[in-house]
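I opened this notebook to keep track of what I looked up, one entry at a time. The entries follow the order in which I went through the model.

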Amino acid sequence: MATKKDDEEIYYNNKITIIQEARIFNESPVNPRKCRTLLTRIVYLLYTGETFATHEATSLFFGTTKLFQHKDPALRQAVYLAIKELSSSAEDVIMVTSSIMKDMQGNMDLIYRPNAIRALCRIIDPSMLQGVERFFKAAIVDKNTAISSAALVSSYHFFPVSKEVIKRWANEVQESVQVKPAQSPFIGSVGGPLNLSSAGGYLGFGSSAPAPPSNPTIPSTSNITQYHALGLLYAIRQQDRMAVTKMIQQLAGGRSGAGSALKNPMALCMLIRYASKVMDEDPNVQKQMFDLLEGWLRHKSDMVNYEAARAICEMRNVTPQQLTRAAIFDMIRFIKESKEAALAHLCEFIEDCEFTKLSVRVLHLLGIEGPKAPNPTKYIRYIYNRVVLENAIVRAAAVTSLAKFGVCGVDPTIKRSVTVLLNRCLDDVDDEVRDRAALYLRIMKEEELAESFVKEDSVYSLATLESKLVAYVNDPAAQEVDFDASSVPKISRAQAQQESARPTTLESITASVVSQPKASAPAKAAPSAQETQSAYASQLAAVPEMETFGTILNSSSKPIPLTESDTEYVVTCVKHIFKEHVVFQFNVSNTVPDSLLENVSVVMQPNGEGLTEDFILPAEKLDLSTGPQPVYVSFTRENPEEYTLGGFACTLRFVSKEVDPSSGLPEDTGYDDEYQLEEVELSAGGDYIVPTYCSFESEWEKLDGAANAEEEFSLSSMASIKAACESLIEVLNMEALAGSDNPTSTAVHTLLLSGLVAGGGGKVLARCQMAFTASSGVSLRMSVRAEKEEVSQLLISAIG
C-alpha cells in the first residue's frame, strides 16, 4: 500500500507539476534555491526515462535560458545541465548560441567555461563549427584540466560529423597529451587567493546573494585530460598506420614506461590497446610493440600491468618460445665460450642484488658451474661475502654453494679452505645456516655421502614415481611387500627441469590463445608418457579377467601400427608386461561406412616358446560411429625370471554384416571374415627395458663383480657411426649418457647406455665401442654389466 510519503514524492516529481512550477523562472527577483531544485527535478525525470513533448521541452528550455543573467555559480551549472538534456527534444535551441559563447570567453570565471563548452556541443550545428574553431583550440590547450577535458570530449563527439575540421586541431590535441602542472585549489582564476566569503554561495548553502566573479576550481591530479586527448588523437590519426605507430613509440617512454609522458593509468591502458591493434595489423612492428608491452608489465599501476598481460596473451601467430626472453643463465648453458665471462658478471651482480630469490638462484648456479671452472677459487670470495652480509635465506644458499666447491673440487687446498669457512658458519644465528654447515662438513669427510647427496646427478622421475605409487596403493596384493623404489627409472636434473616445465592446463590455454587466432578453441596439450601409462593402468584395472594380474611393470610408450592408416580396418597394438603375464591390447577401428563388425578378435601365433595363451577378449560390435575398440589377448609367462622374445603372426577375425542406409539396421545374418595384420614383436627395448639416468663411470665400477657379457657385431648396413648410435638407442630403448649420442669422430666412438629392467631385473649398463670403415660399415664391441645374468644375456640377444 502506498504511503503518504510515496504520494508526495509522486506529486513532487510529476511532469505536469514541474511544468506548472516552471513559472518561477520568470519571477523577479529570481530565487536561486528554488530554481536549482526545479532544474534538478527536470533532469531527474529525463534520466528516469520520462519524455517531454516538443512544445513542453521548448517551453522549459527557453524558460531555463532566462536564468543566464543570474550570477549564482551553482544555479548556472544546473542551467547548463538542463539545457544539454532538453536540447535533444526542444526546438530552435540554436538561438542560445551567443549566450553560451559569452561564457566561453577567456575572461570569464573558470567555473562557467567547462559547462558552456559541453552545452555548446549539444546546441550548435556541425556547419557552424568553423565559427567557434578558435574557441575550441584555445580551450583544448588550456592549463585548467576541467576546461581542456570539456573541449576534448566535445571535439570527440563532433569528430564523426565534422572530421576535416577536427583534424586541423591535431597539434593542439598533441599538446594536451603532455602533463599539465596542477593548479593549487587555493588560487582563483586570475591567480588571486581563494575568496572564503564566497565559498558558501559556491556550495549552495550560504547566502543567495551574487557571488564575486573569482570562484575556486578544484583542480584534478589524475591527469584525466591525457585519457581524453589520446582518444581524440587516435581518432584523428587512425587511418595513418605509420602515424599511429610513431605516436605509440613517442608516448611509450622506453621499455619500462617510466619515462612516458602519460601519467594517467587509463590513458596507458588505451595506448596498450592501440599497440595491440597495430601488432595485429602489421607483423613487421610486432617485436617493437612486444618490447613495450613487456616493459608495461612492470609499471607501478596494477591496471596497466593487467592490460599489458592481457594484450600479450592475445597476441596472434606467435609461439611461447618467441615470447620467452634469453637470460644470462641460458648463455652459460648453451654458449660454452661465454661461461667464464657470464659467471664473473653474476658474481658482480649479487654484490648489490636486493632480490632474495634472484641471489639464491645465482648462488645455486655458481655452486654447479664454479667447481668445474679452470680457476674455481675466484668465485669463493663472492660466495662467502653473501654468508657475511646477507639475510638468512641467502646465507643458507651460500653455504650450500660453498660446500660444493669442497666436495666436487679436486684441489685439496680448496677443500681445506672451504672447511675453514664452513666451520665459521657453525656460529651463525640462524638454525638453517648452522645445520647446512654441519651437514656438509660431515659429507666432505665421507665420500659415500658425497656421492649420494652432492655428486649424484640423477633424480627419480616424479611422474613415473607418482604413477607407480598410485598403482601400489590401489593394489592390496602388492602392499604385502615393501614398495620397490629401484623399479622407478631415474632421469638427469636437466630432464627433471624439462619435466617440471611441462605446461599446466592454464599455460596450455594461454599458449593456444597466443599461437592461434582469438576465434579458435584452445588446443589440449598432448599427454605425457607417464599420463599414458597411468591411463593404461586404469583401463586394464577395469577388466575383470585381469584383476589378479597385479601391477603393470611396463607398457608400450606409443601404439604400434599394424595396418596402414587409410585402410578399411585400422589396428594398433600396445603391449603390457606384468610379472607373470603379457597382455596385447589391439585398438581396432572400422572405417567402412554401412558396415558392422561383430565378435571382433585377434588370433596370435607365437614363433617361439615361453608364453601360453590365456584368453582372448573380443570387441562385441564395431562400426564407423563407435571409434576404436580394444581387443585383449593374454599370455602367461611360463618362467617369469626369463625374458621371452620373439614375433607373433596376427590375424583379425570378425563377423561382417551390411547395414541398411535408410533404416540404419544391420542384416540378420553375416559372414565370417578375416584380415591379415603386421607381425607383432616382443623385444628387449621398449618391452622389458626402460631408459634411466645415472653417472656411468661410478655405476660401472659398482657393477664390476656383477653379471657381465661381451660380444662383437658387424653392422655392415650402417652408413655412419651416428646412424649406428641412433639405431642402438632405438632398439635397446636405453638412456645415452654424457652426450655420447652425439659422436665427435666419424671413425671411432664409444656410446654409453643405461637402462632399468622391469620386474626387478635391476640396472643394466652397456659400453658400445664402434669403428667405421667405408668397406665394412660399423664394427661394434658391446660390453654389458647388469645385476642379473639373464639381463646381460637379454641385451646381447637384442642385438644378435
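**Residues with a positive phi**

I began with Asn-599, which lies in strand β7; helices (H or I, at least four residues) and strands (E, at least two) are DSSP runs, numbered from the N terminus. I note that this is a predicted model, in which local features need pLDDT of at least 70 and side-chain atom pairs count only at pLDDT 80 or more, while totals for chains, interfaces and linings use all residues. Residues are numbered from 1 along each chain as its sequence is written, and side-chain values use heavy atoms, with hydrogens and water left out.

For Asn-599 I found a phi near 50 degrees, which is a positive value in a residue other than glycine. Asp-594 is partly exposed, with a relative accessible area of 40%.

**A cis peptide bond**

I looked up the peptide bond from Ser-28 to Pro-29 and found it cis, with omega near 0 degrees. Pro-29 sits in the loop between α2 (15–21) and α3 (32–47).

**Helix α9**

Is helix α9 mostly covered or mostly exposed? I found it mostly covered, with 10 of its 14 residues buried, among them Thr-145, Ile-147, Leu-152 and Phe-158. The helix covers residues 145–158 and reaches 20 Å from its first C-alpha to its last, close to the 20 Å expected at 1.5 Å a residue; the expected span is 1.5 Å times one less than the number of residues.

The buried residues of α9 pack against α7 (113–123), α8 (133–140), α10 (163–167), α11 (170–177) and α13 (224–237), where contact means heavy atoms within 4.5 Å. I picked out Ser-154, which is found in α9 and counts as buried at 3% relative accessibility. Leaving aside residues up to four places away in sequence, Ser-154 touches Ile-117, Arg-118, Cys-121 and Phe-136.

**Helices α16 and α17**

Helix α16 (residues 286–296) and helix α17 (residues 302–313) pack at an angle of about 145 degrees, with their axes 8 Å apart; axes are lines fitted to C-alpha atoms, for helices over the stretch in contact, and angles run from 0 to 180 degrees between N-to-C directions. On the α16 side I listed Phe-290, Leu-293, Glu-294 and Trp-296, which meet Val-304, Asn-305, Ala-308, Ala-311 and Ile-312 in α17. The residues of this contact divide into 7 nonpolar, 1 polar and 1 charged, where Ala, Val, Leu, Ile, Met, Phe, Trp, Tyr, Cys and Pro count as nonpolar, Asp, Glu, Lys and Arg as charged, and the others, Gly among them, as polar.

**The chain as a whole**

Last, I looked up the totals: the protein chain has 33 helices and 19 strands, and buried residues make up 45% of its 800 residues.

Conventions
Buried < 20%, exposed > 50% of the residue type's maximum accessible area, 1.4 Å probe, protein only.
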